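Let's take a friendly look at some backbone details and a pocket. Have the viewer open as you read along.

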Amino acid sequence: MFKIISSFKPTGDQPLAIKQLTGNIKAGASHQVLLGVTGSGKTFSIAKVIEETQKPALVISPNKTLAAQLYQEFREFFPNNAVHYFVSYYDYYQPEAYIPQTDTYIEKDAKVNEELDRLRHESTQDVLSRNDVIVIASVSCIYNIGSPESYRETSLEIKPGKRMKRKELLSGLISLQYQRNDYDFKPGAFRVRGSIIDIYLVTGKKLLRIELDGDKINKILISSAAASADYKPLTAKYPLYPAKFWVTSQQKLDIAIENIKLELQERLKELKKGKKLLEAQRLEQRTNYDLEMMKESGYCHGIENYSRHLEFRKPNDPPFTLIDYFRTSFGKNNFLAVIDESHLTVPQLRAMSIQDRIRKETLIEHGFRLPSALDNRPLTFEEFNKKVNQIIYASATPSAYEKNKSAPAIVEQLIRPTGLLEPSVEIRPAKNQIKDLIQEVEKTIKLKQRVLVVTITKRLAEDIAENLLEKGIKTNYLHSEIKTLERPAILQALREGKYDVIVGINLLREGLDLPEVALVAILDADKEGFLRNETTLIQTMGRAARHPKGRVILYADKITGSIKSAMKEVKRRRKIQEEYNKEHDIVPKPIIKEIREWTIGKTPQPEDFLSLMELEDIKTLEKEMKKAAKELDFERAAQLRDLIRKLKNVKQ
């Protein structure tokens with residue numbers, strides 16, 4: 001059961017909003033809007049709706065930073081339930097592309113963050129095995145991750161007493177893409193000590209120890225990775241899920257390989273008929289290499305491009321995404337989708353499949369990929385809407401699309417329980433804006449308050465941060481090139497006072513909950529465009545709405561239409577709160593939000609696995625070292641030798 005553990009109680013217009021949202025869901029409403037001003041407690045209201053309806057939820061956020069903040073908030077509200085973080089697992093990603101004009105092929109270049117990959121597996125496995133699941137995701141959740149049925153079916157079921165030879169068990173682990181690693185034990189790895197096999201589950205949370213007795217499993221022990229000495233016996237069956245997505249059974253893989261070969265032959269005929277001999281040669285060479293890798297190891301670099309064949313989908317069928325894992329477990333009608341900051345997220349959901357298709361069509365045309373690569377893609381917006389039955393769009397500034405789709409189910413939450421007003425807004429000349437900014441920053445810091453500075457470009461953000469640092473002001477910048485898991489840490493450091501100022505572009509807008517920020521300075525506010533339109537200005541101004549002395553300075557030489565509209569809306573909302581405060585005798589008070597330790601990105605580290613191994617392990621390792629040396633596998637023998645030395649040091 002979902003159960004909120006919190007000292008907060010619904011106040012202001014939260015009770016009415018929660019009642020309306022819950023009522024609409026129970027009445028079967030497919031679309032509804034929660035129009036909530038900054039600081040009105042939209043996240044708490046959504047949490048209450050989840051508790052009231054007892055529906056698993058997929059919360060989609062426009063970027064990883066906001067997703068991380070929501071993840072932390074939902075974990076605090078639901079400490080006893082499964083709350084997960086699911087975002088793109090790349091620290092850096094350059095997609096495969098070809099530019100015909102200059103005959104330039106750009107190979108896919110990506111740096112996978114193993115911690116984010118671990119969190120993705122943790123999410124999907126809990127969605128398949130629990131009912132009390134909330135997944136906070138970025139828009140990457142509409143990308144292909146493989147069939148949930150295959151993911152579930154490919155799992156290896158183990159239980160005490162099961163007949164299974166050692167070789168069979170090891171082969172099963174390798175087919176699940178677990179890697180044998182006796183010296184660097186990490187998530188997705190296993191190690192062998194005679195009849196004992198230790199497995200570090202890909203989720204990074206649990207360690208599994210299997211003890212064999214001849215040709216059967218004698219014992220299965222499980223432990224938390226954070227307390228690896230505390231093994232407890234398992235008596236029931238235990239499913240071991242794959243360490244990678246797109247893992248399939250050998251029988252299905254063999255069929256898929258034959259289908260890929262058939263497609264290759266058909267495509268080669270087309271290219272040769274069109275006298276594209278270079279393209280045909282290129283495609284044949286690349287595809288055959290991938291097929292050889294798949295035959296040998298069950299995997300290849302870029303295997304997702306063959307996902308249509310591996311999943312036995314028809315051409316143009318929608319890919320399998322995280323949403324399909326929810327549908328597999330709960331059905332279409334029994335989970336809730338929440339689109340946070342919908343004015344930003346919905347356009348992203350619309351655009352992703354279009355951009356992906358344009359890039360892939362060029363690759364296919366010039367022989368870099370088979371036509372079936374088109375089916376490795378994100379969902380189209382129409383497919384997304386068909387797969388999700390009930391959606392709540394949450395935003396302080398919902399667009400016309402969300403309003404029209406949800407009418408009349410538009411729920412407003414305009415009252416802040418704390419009584420805090422919209423910030424005061426002042427316009428100053430853009431000329432000499434940096435000099436004036438520094439003076440205002442210094443005044444604000446003297447009052448022990450924090451500052452956000454919003455610029456137009458990354459370079460300008462970095463230059464201003466450097467300028468402030470030279471003045472002795474504790475400053476950092478924040479933009480898209482900062483690694484995913486470092487962004488929340490920077491924002492937490494601002495709250496803790498390690499920084500007084502953060503300079504950024506569009507990551508310092510929607511949803512950031514920073515109660516210590518009293519001043520938001522928007523540079524070049526009159527540069528009309530995406531970064532300075534009405535919605536963006538309202539959202540950015542809202543970052544100062546969580547402080548009793550919150551204020552905004554717009555540096556502008558002219559009053560644009562966006563500035564005028566944004567100030568008008570801020571004034572309207574301020575008036576509503578003032579009237580509510582007066583009617584209920586409320587004195588605005590600051591938001592008290594505890595600064596908790598940031599946990600994402602910290603894989604549980606076993607308490608030195610080497611020190612926990614039984615002493616007889618040394619004898620087993622020595623046998624394996626001698627065997628490796630006899631087989632001329634000197635690299636493995638050297639690794640085992642170093643491991644033995646380390647164990648002996650522990651013993652001493």
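With 3% relative accessibility, Glu341 counts as buried, where buried means under 20% relative accessible area, exposed over 50% and partly exposed in between (1.4 Å probe, protein chains only). Glu341 sits in the loop between β17 and α11 (342-365); helices (H or I, at least four residues) and strands (E, at least two) are DSSP runs, numbered from the N terminus.

This is a predicted model, in which local features need pLDDT of at least 70, side-chain atom pairs count only at pLDDT 80 or more, and totals for chains, interfaces and linings use all residues. Residues are numbered from 1 along each chain as its sequence is written, and side-chain values use heavy atoms, leaving out hydrogens and water.

| Residue | Phi | Relative accessibility |
|---|---|---|
| Glu341 | near 45° | 3% |
| Asp585 | near 55° | 70% |

Asp585 counts as exposed and is placed in the loop between α18 (561-583) and α19 (609-612). Elsewhere, a cis peptide bond with omega of about 5° joins Ala407 and Pro408.

Now for the pocket. The second largest pocket is lined by 44 residues, with Phe8, Gly41, Phe44, Phe77 and Asp513 nearest its centre. A pocket here is an open set of points on a 1 Å grid over the protein atoms alone, where a 1.4 Å probe fits, with protein on both sides within 12 Å along at least five of seven lines; lining residues have an atom within 4 Å of a point. The helix α3 gives the most to this lining, with eight residues.
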